[in-house]
Amino acid sequence: MSTAAAPIRTGAVLADLLPAARHRYAVDTALVLGGAALTGIAAQIAVPVPGSPVPVTGQTFAALLVGSALGARRGFLALAAYAVIGMAGMPWFTGGTSGAGGASFGYILGMLLAATVVGALARRGGDRSVARTAGTMVVGSLLTYAVGVPYLALSTGMSASAAVAAGLTPFLVGDALKALLAMGALPATWKLVGRRD
């Protein structure tokens, strides 16, 4: 009898490696709420950026990891829960804030889109190798900025170039470091469980 792990079916994400449960709905609910909570906790890791109303946070990294690990549907639901619960008053947006609006709220909406797309890419193997993970993280980051930067400009009255200077440029190095972490963590996790496609 072979002890080698059987390859996981095509289209799986890391959350699909959990043992099958009789109450899959309860497991999915726990994963979604756990993803929302992880994003909320990571949002408290915040470093102010001089000249920008948007700090560097761990929030975007968490959102991309949640999307990759949970897949598009659960990733969307996790970030939607994070946004809705925070808008309802839970102080888990950046710096312990809550509520809709604010200069950085567009990034939360962008992360919702990014987690969904990154989750879809992960189902297609976008987190199985270093190169694929790099591409997946770049796409997720671009989507976050595609919503966050215009929202920043509209909410503050900044010009487009000022919004890019305040809401994109200062974060590129940090995003590169986050992508490097993901490039190491996600493929290594697949390798650890012995179920890479």
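**Helix packing and the main pocket**

Reply: The axes of α3 and α4 come within 7 Å and cross at roughly 165°, where axes are lines fitted to C-alpha atoms, for helices over the stretch in contact, and angles run from 0 to 180 degrees between N-to-C directions. That makes α3 roughly antiparallel to α4, the term for angles over 145 degrees, with under 35 counted as roughly parallel, 65 to 115 as roughly perpendicular and the rest as oblique. Helices here are DSSP runs (H or I, at least four residues) and strands are E runs of at least two, numbered from the N terminus.

Me: What should I know about the source?

Reply: This is a predicted model, in which local features need pLDDT of at least 70 and side-chain atom pairs count only at pLDDT 80 or more, while totals for chains, interfaces and linings use all residues. Residues are numbered from 1 along each chain as its sequence is written, and side-chain values use heavy atoms, with hydrogens and water left out.

Me: Which residues of α3 meet α4?

Reply: Among them are Phe76, Leu79 and Met87 in α3, and the α4 side includes Phe105, Leu112 and Arg123, with contact meaning heavy atoms within 4.5 Å.

Me: How do α1 and α3 cross?

Reply: The axes of α1 (residues 24–42) and α3 (residues 72–87) come within 8 Å and cross at roughly 55°, and the two helices are therefore oblique to each other. By class, the contact of α1 with α3 has 8 nonpolar, 3 polar and 4 charged residues.

Me: Switching topic, what volume does the largest pocket have?

Reply: Its volume is about 430 Å³, taken as the space filled by probe spheres set on grid points joined across faces, edges and corners. A pocket is an open set of points on a 1 Å grid over the protein atoms alone, where a 1.4 Å probe fits, with protein on both sides within 12 Å along at least five of seven lines, and lining residues have an atom within 4 Å of a point.

Me: Which residues are closest to its centre, and which helix gives the most to the lining?

Reply: Of the 31 lining residues, Val54, Thr57, Gln59, Thr94 and Tyr107 are the closest to the centre. α5 gives the most to the lining, with 5 residues, and by class the lining has 15 nonpolar, 14 polar and 2 charged residues.

Terms used
Nonpolar A, V, L, I, M, F, W, Y, C, P; charged D, E, K, R; others polar.
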